[in-house]
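Please examine the structure shown here. A short report on its main features accompanies it.

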Amino acid sequence: MLKRLLYIAIVLFLVFNCTVSIHAQDKITTVVIDAGHGGKDPGALGKHSKEKDIVLKVALKTGYYIEKYLKDVKVIYTRKTDRFVELKNRTKIANNNKADVFISIHCNASRSSSPYGAETYIMGLHKDKANLEVAMMENAAILLEDNAQDAYGGFNPNAPESYIELSLLKDENQDQSALLAYLVQEQFRKRVGRKDRGVNQAGFLVLWRATMPSILVELGFLSNPKEEQFLNSEEGQVYLASAIYRAFKEYKIAFEKENTTQEEIQKTTATQDNSRLNYRVQFYTNTVQIPLNDKRFKELDDVTSYFHNGLYKFTSGHYLKQSEAEQHLKEVRNKGFGDAFIVSFDGDKRIPLSEARKLEKSR
Ligand SMILES: [Zn+2]
């Protein structure tokens, strides 16, 4: 379903040429490339290779292409050698450097040797056991860290209920993460001929606290002999890395095009002031517009919709302060919209929450 929605979103984007939300910054200039595992953590094991070695090679190649062909982008790696890096520090590197995009690169494994293909994850609630198991496998890395219990708020990587709690924390970059993930999968499918296992969601600790659009790429299965061979080949690594590079480039172009247009619009209007700032509670999205008095919304007050990233998004309430919106968020969730979250606007233009908080403070 998510895949279908995303497909429609992309088609709408191509047709109407409007996508990617407005960001405080108008260019994508910093990307963090995260090679999974390393050092004492080998990651998934194939018959004759380890995940940590393959993902490092693909990560370095991806970064190399970005630096070579996109001169205005700074590439930061979480590791460039075979060393252990704690999951929380990977995210910290991205946040501290104010990265615009975070890409974590991994290989999959299954108990059976038959599954194969590539998939890309964004943060969210898993739709099935298979997706949950991928997150469990990746999150198990914290069992090798000191004081993990405290550092991750008591998160237990082996307990399914921990994942439901994690997924309740909605992040405002989810749309953008989904778009980037879709572009990566499209490249894998069309240009590298990989089996497309789609864009999926699950609770990955490495994506949890990232404050920018973030994805986790599973290049393929080390448990499948044929795929293990491909993942270890120079040719395979070059193809996979260039696919991620091209997806990143497409994402950057789309983002910057949208922002240039926004900039021009802003030039003709007054400079930004904080009088138009408002918060709303977003509770629903759809690929088509539906009436605001739809019976599904009847328990909610002040329902409005806006078009953003190729989707119609529905909100309830208008608030001048985030604290007021938070109160309303609780009510909306209690009315059965458990996935609801807060979004902020300058007038009717969606802006990042970080920008809204600054505007609110300057009042
Ligand atoms: Zn991994």
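The report below covers the basis of the model, the metal site, the sheet and the helices.

## Basis of the model

This is a predicted model, in which local features need pLDDT of at least 70 and side-chain atom pairs count only at pLDDT 80 or more, while totals for chains, interfaces and linings use all residues. Residues are numbered from 1 along each chain as its sequence is written, and side-chain values use heavy atoms, with hydrogens and water left out.

## The zinc site

His37 (NE2), Glu51 (OE), His106 (ND1), Glu138 (OE) and Glu138 (OE) coordinate the zinc ion at 2.0 to 2.6 Å. Donors here are N, O and S atoms within 2.8 Å of the metal (3.2 Å for Na, K and Ca); water is not among the atoms, so sites may look incomplete.

The donor residues follow the sequence spacing H-x13-E-x54-H-x31-E. His37 belongs to the loop between β1 (30–35) and α2 (51–69), and Glu138 to helix α4 (residues 129–139), so this pair ties together parts 101 residues apart in sequence. Helices (H or I, at least four residues) and strands (E, at least two) are DSSP runs, numbered from the N terminus. Both His37 and Glu138 are buried, that is, under 20% relative accessible area (1.4 Å probe, protein chains only).

## The sheet

An open sheet of six strands has the order β2-β1-β3-β6-β4-β5, with mixed pairing; two strands pair if DSSP finds at least two bridges between them. At the edges are β2 (74–77) and β5 (196–202), each pairing on one side only.

Strands β4 (residues 118–123) and β6 (residues 214–221) pair in the antiparallel sense over three bridges. Tyr121 stands opposite Leu216 in β6.

## A helix on the sheet

Helix α3 (residues 87–96) packs on the sheet and touches β1, β2 and β3 (101–108), contact meaning heavy atoms within 4.5 Å. The direction of α3 makes about 170° with that of β1; axes are lines fitted to C-alpha atoms, for helices over the stretch in contact, and angles run from 0 to 180 degrees between N-to-C directions.

Terms used: Buried < 20%, exposed > 50% of the residue type's maximum accessible area, 1.4 Å probe, protein only.
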